[in-house]
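Please look over the structure shown below before reading on.

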Amino acid sequence: ALLFLIMLRKDNLHLVIQCGFKLILFLTPVLLLKRYYYGYWLPNTWYAKGNAGLANMGQGAIYFIFNIRRYLGVFVIMAAMLVYGFYKDRSSHLRTVLPLLLIVFVWFAYMIVQGGDNMVGGRFLLPILPALYCVFVKYALEVRLRPAEIGLSTVVLGVSLIYGYVADPGLYLQAQSWRNAFSIRKAAGLYLHNNFPKDTVVALNPAGIIPFYSELETIDMLGLNDVYIAHEGKRDYSLWYAHQAGDGAYVLSRKPDIIIFTGRTLSAEPGEFISDREIWASEQFKSDYELVEWKGIGFVYARK
């Protein structure tokens, strides 16, 4: 809100106040209802992923560098426009777009500090792109670029963005690994759905595709969909962002019928996640569960 205030002239302050009042008026009932129903002000995923301080900054920097390559064309065009505008008018119009650039900078800093994520496509960069395009439009108008110059810049920008996604080998490999994981998880979910009763309880880490197809009660051992692990679970910040929570004793106390270790594959051995490690070391697990192979899918542990 403060950054938005900076962008507006003082004579528009009453519009900002009106917008803020309406925002509070409409959002307050929603927030109160969510607080009443869930018992918390923030989503469960925040409690599972957040409150890590600067522990994930290194991962966030890797995330930023890996994904920003696809948008290099945007920054090249911005730089070219700044240089051209200074050459054309002998005066910089940078101050007119500084508020927007400040918002972009703050967003990038926040994204790096919180750690990014592991999804395909660099989704945390997407919300800030409209602000960058507004910088492009506003500066183009300020330096009075001709329509042909604006059109050429827009075409180059569009081509660079498309090329950045099509030609990025890292993005291709990342997407392919997710496709492979999807096939395994879908097969596991369908196997559970077709071969197990409706009251079966499954404990696993990738609590998305498998529960969707299995339609069975599922314990998310990473806590994104589990209130206890998100709020009370242990943390290991040496693990990858959003995979740092877990509690093996809690999972075993729920007496799941099926335990699935690791994520991309159904492995006979535990992964590096907290719940995996603690369950594997538990005597209760060793006495109550046995290894079972699902042909063509992988290994799981079934309660005896």
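Which residues lie nearest the centre of the second largest pocket, and how many residues line that pocket? In this predicted model, the second largest pocket is lined by 14 residues, and those nearest its centre are Trp46, Gly50, Tyr110, Gln114 and Tyr241.

**The second largest pocket**
- The elements that each give two or more residues to the lining of this pocket are α3 (44-49) and α6 (98-114), and α6 gives the most, with 4 residues.
- Sorted by class, the lining of the second largest pocket holds 7 nonpolar, 6 polar and 1 charged residues.
- The volume of the second largest pocket is about 310 Å³.

**The largest pocket**
- The largest pocket has a volume of about 560 Å³, and among the 25 residues that line it, Asn118, Trp178, Arg185, Pro206 and His243 are the closest to its centre.
- Helix α9, which covers residues 169-195, gives the most to the lining of the largest pocket, with 4 residues.
- By class, the lining of the largest pocket is made up of 10 nonpolar, 9 polar and 6 charged residues.

**A pair of strands**
- Strand β6 (residues 289-294) and strand β7 (residues 298-303) run antiparallel and are joined by 6 bridges, and one of the residues concerned is Glu293, whose bridge partner in β7 is Phe299.
- The hairpin of β6 and β7 has 3 residues between the strands, and in this hairpin Gly296 takes a positive phi near 80°.

Conventions:
Residues numbered from 1 in each chain as written. Predicted model: local features only at pLDDT ≥ 70, side-chain atom pairs only at ≥ 80, totals over all residues. Heavy atoms only, no water. 1 Å grid on protein atoms, 1.4 Å probe; cavity = no way out; pocket = protein on both sides within 12 Å on 5 of 7 lines; lining within 4 Å. Points joined across faces, edges and corners; volume = space filled by probe spheres on them. Nonpolar A, V, L, I, M, F, W, Y, C, P; charged D, E, K, R; others polar. Pairing = 2+ DSSP bridges.
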